[in-house]
Amino acid sequence: MSIYCKQDAPDERNVLDTMVQGVVGKPLVRPEGMLKVTGTATYAAEFSAIDCLEGVLVTVPVVRGKVTSIDKDSVLNMPGVVAVIADQRLTGRAAQGMAGKAPAQPAQDISYWGQPVALVVAETFEEARDAAKRLLIHCDADDDAPVDPDAGEARKRTPTTKGDLAHAMAQAAYTVDARFTTEGHASAAMEPHAAMAQWDGEKLTVHASLQMLKFNRAELADCLGLEEEKVRLLSPYVGGGFGSKLGVSQETVGASLAAMELGRPVRVVMSRQQVFQTIMRRSETSQRVRLAADAKGHLIGFGHEARVSNLPEERFAEPVLQSSQFLYAGDNRLLQLEVARLHRMTAGSVRAPGEAVGVQTVEQAMDMLAEKAGIDPVELRLRNIPEEHPAEGKPFSSRKLADCLKEGARAFGWQDGPRKPRHTREGEWWIGSGVASAARVHAVEEAKARVTLQPDGTALVETDMTDIGTGTYAILGQVAGEMLGLSPDDIEVKLGDTDLPPGSGSGGSFGAPSCGSAVFLACEGLREELAERIGISPADLTLKDGFASWDGGRKAVVDLIEGKPVQRTGHFEPGASTEDFSVSSYGAFFAEVAVNRWTGETRVRRMTGAFGFGRVLNARTARSQCLGGMTWCIGHALTESLLFDPVDGHLVNCDLAEYHVPVHRDVPDLEVLMLEERDGAASPIQAKGVGELGLCGGAGAIANAIYDACGARLFAYPMTPDRVLAAMPD
Ligand code: MOS
């Protein structure tokens, strides 16, 4: 039986708060944690099968052109080699976006350096790799392909305009007009893309590392020309996705094609270099931020323009302006995004697409405005929190921005007042601090989950939802435990299998509110059934520790079940509630840095993040998401950058030694405050997204701290020592 809810109005019942089990929100450990830390959780590349072949992708060192021929005979006689698969579905940009389609591109066209064109299949990985290196491929290279993001025409997207920004700039008491650049980013998930496919002549079963199984099955089936029912995907554990596994990529397509053609299981694991070269990137951006304020620092104008890039024909454009639409006031507005066409690997969603690079520049501009207006930077932000959506006029749902700024400032020990740089020096280090707001739009997606009360009184939660390291196993057990009066130890959560009811998948921070709501709805259905068996209304039913109690009675839930499993499927669908309100998660970052006066090296010494994202479902896993986000902020601010050769367009830093994500030595103690909040417009469980919030703006707090420390105002990310030194005043 299915319990369906399309959420057209805010749910202010706060049902979870009326439950008494006391497990939702608690910092419980992950049920699968022990498996992961002991190496016994099985990731995609660890699945094998009897007779399993190994496939290695062959990529071409050409930025644009055509494959004229692939000389399969050049390797087919090599030891162990079984086949060379050269199929246009492998060559094409197979569905790298969310729920993409089969490759739209003509066969054998090459559009970025490092694009796979073939798969060599052999008995062992070493044999396949050896042959992949020797496969002769003839290409016609087009050496004139644009490889420079500033070259070439850009197409403008529809702008948001209101009033007259230029006029506001001319009338303002204080203005800021600043241009920023950010460079490309990689998702850099620890687990490389991997797939092991088996074909039994009827049905394809693929163990892969994917974020959104429902969509992934549809795109893979579409690509292979199979009916969806003939494809089963399994991703019980995913070693990080960050957007890079939203869609199926060439390893999954390649393993599937080979398994179907050869009739034997085939495993394909991308090398670290292939992940960097082939999997989608975050676009570089160039941005202009304009702020116009009156004498009291109230914004009268707000402008944000950004240029991003993608391959020809790709629809995705890094949504840089997403939260600029509503974060701050200003009656005169101009927001404009434009997309240049560039022959680099597909640009797509990388952790917090848009806000991750869009908020930090606005937050730097706000810092510049605070200095000009002689206002404390926290106070300036508080003054400019709009009453209603500044362009669309609709109301905000619950919003903790002001509380995050105030509580964060208190926890951090923020010194109130206007700031002047170079106030503190310790030996050769300038010390300073900076603030930035955080904002990330909230999203929910359709999701189903099945919950079964078993004859032994335990419960089973099932959905094809994934856990990409975020804590899905834990939180879904907690929601069910709270609703059903069970310890999460008595609940089994099964995920990552398309044979289970389709969840939302993991992406856009919508997993927890969407799938959590599906589980919640299923449990509401179960509670109704139990109440009916007792003969009371569900509101009068208390479930705790396996017992049902009501006014005048008490009974073990096992006895109500009477030996037969009771099952409900929750079906959640977003409705008008997230359209009638501007729904977002908010926060504030405070960073203290030390900048070396001689070398320009910047060390983040401490950082506080205060966040409000609706109901906290698990204080430990939610905090971990915030810690992860703040760690990304350090990377974005100081080190992370995809570097492309300006001559031939190839990616130069394609491994974790040269693409610098922060390591332990770079990350100080991070303090996380999670504010109590219930947002009924966000989801039936009053939860919003948190996954990506922690990296939306924090790099700006670090940039502002660098300025406060040493007086170097940097406009280019990442703020490497050479750039800091060049901007350092004498
Ligand atoms: Mo996220 S970048 O939507 O996985």
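Reader: What makes D177 and R288 a salt bridge?

Author: Happy to walk through that one. This is a predicted model, and in it the closest N and O atoms of D177 and R288 are 2.7 Å apart. The cut-off is a Lys or Arg side-chain nitrogen within 4 Å of an Asp or Glu carboxyl oxygen, so the pair qualifies at 2.7 Å.

Reader: Why is D177 called partly exposed?

Author: Its relative accessible area is 44%. Buried means under 20% and exposed means over 50%, so D177 at 44% falls in between and is partly exposed.

Reader: How do you know that E123 and R264 form a salt bridge?

Author: Their side chains meet at 3.0 Å, N to O. That value is within 4 Å, so the pair counts as a salt bridge. E123 lies in the loop between β6 (115-122) and α5 (125-134), while R264 lies in the loop between α8 (250-262) and β14 (266-269), so parts that are 141 residues apart in sequence are tied together. E123 has a relative accessible area of 37%, between the 20% and 50% cut-offs, and is therefore partly exposed.

Reader: And what makes D666 and R603 a salt bridge?

Author: The closest N and O atoms of D666 and R603 are 3.5 Å apart, which is within 4 Å, so this pair qualifies too. The pair links distant parts of the chain, 63 residues apart: D666 is in the loop between α17 (619-638) and β29 (670-674), and R603 is in strand β28 (residues 602-612). D666 has 24% relative accessibility and R603 has 23%.

Reader: What makes β11 and β12 a pair?

Author: They run antiparallel and are joined by 5 bridges, so they also meet the cut-off of at least two. A197 stands opposite V206 in β12. The two strands form a hairpin with 4 residues between them, and G201 in the turn has a positive phi of about 90°.

Conventions: Residues are numbered from 1 along each chain as its sequence is written. This is a predicted model: local features need pLDDT of at least 70, side-chain atom pairs count only at pLDDT 80 or more; totals for chains, interfaces and linings use all residues. Side-chain values use heavy atoms; hydrogens and water are left out. Buried means under 20% relative accessible area, exposed over 50%, partly exposed in between (1.4 Å probe, protein chains only).
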